[in-house]
Amino acid sequence: MTIRNLYLVFIMLNFLWPGISWSVTIKDAKNEVNISSDQYKLTWKKAETMGYGTAIPSGSKKSLIQNLKDPFYHGGDYAGWEYWGATGKVKILEQNVGKSVIEYQSKGTKIMAYSITATYWDAVPYFMHEVRGTNLHKEAQAFPVSGYDPMFNPGYEFKKEEFKIWKEPIPHVAIWQPNGYFIALYSKNPRARARKGDWQGKGSVVQLNHDWQLDMIDRKKQSEPVTYCVALAKGGEGEAHQLAAEIKTMFEGKEPKAVNHHGKIPVFWASIKDKH
């Protein structure tokens, strides 16, 4: 296909679907990183404890995260609890049409330094984390440990009928809110355990326990990744569970297609570019 024909296809698609989004936007500011796709808007807070401060799915005016202090993070008990520290470095590893990959590196921790490789796709309502721990201690340390990898604390008490845990097709847990949107966690590891808990009296939390893949990490060595997805979209129990099969396929190596979550807007630009 010639460049001229590619250009004509691009113009035609924009004419047919003028509202279509072609990329994930990343803005690295002083105190936060802003991530925007056609499915969600996220704010990564750099201060301790680093993590997502806001998460707004497409169509919603309200963030699904209301807890500004410690909404989303990992934690381990190393004879005293240690969590993700502050963000030390932000590296944009990849930024292509429909996909961006960022690495967040922690600072200020004493036992483990954390590296979070986050993959954001356009046109799908989920993103992926690969979390690795590097041992800063002089003796070998376990990772992951204590069952809080990750933990999501929305900052309010959700009712029994507003969340559910599944083991199949992959371990996952979801919370759906009265405003008609849900947020969910999905693990790549089939031995992981999704669960609900009460985090030291702070209220209801949901988490993925990855302790089954615990390994002893020598000094200055890095662990294998803890891999999971976070989804946020319109819907409830059914929609959250339905996504699990698609995410499992992605974990198995099939890159998400650039297709609107509701199946209305096919985007062929990536495949056209590859064939050229």
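Select K220: this residue counts as exposed, at 64% relative accessibility (exposed means over 50% relative accessible area, buried under 20%, partly exposed in between, with a 1.4 Å probe and protein chains only). K220 is found in the loop between β18 (215-217) and β19 (226-234); strands here are DSSP runs of E, at least two residues, numbered from the N terminus. Its phi is near 65 degrees, a positive value in a residue other than glycine.

The model is predicted, so local features need pLDDT of at least 70 and side-chain atom pairs count only at pLDDT 80 or more, while totals for chains, interfaces and linings use all residues. Residues are numbered from 1 along each chain as its sequence is written, and side-chain values use heavy atoms, without hydrogens and water.

Next, select A79, in the loop between β5 (72-77) and β6 (81-83). A79 is not a glycine either, yet has a positive phi of about 55 degrees. A79 is exposed, with a relative accessible area of 88%.

Now the cis peptide bonds. One joins E48 and T49, with omega about -10 degrees; T49 lies in the loop between β3 (40-45) and β4 (51-57). Another joins F143 and P144, with omega about -10 degrees; P144 lies in the loop between β11 (141-143) and β12 (148-152).

Finish inside. The largest nonpolar core has 48 residues, and L42 and W84 are among those touching the most other members. A nonpolar core is a set of buried Ala, Val, Leu, Ile, Met, Phe, Trp, Tyr and Cys residues joined through side-chain atoms within 4.5 Å. Strand β9 (residues 112-121) gives the largest share of this core, five residues. Apart from this core lies another, of 20 residues, including W121 and W166.

Terms used. Helix = DSSP H or I, 4+ residues; strand = E, 2+ residues; numbered from the N terminus.
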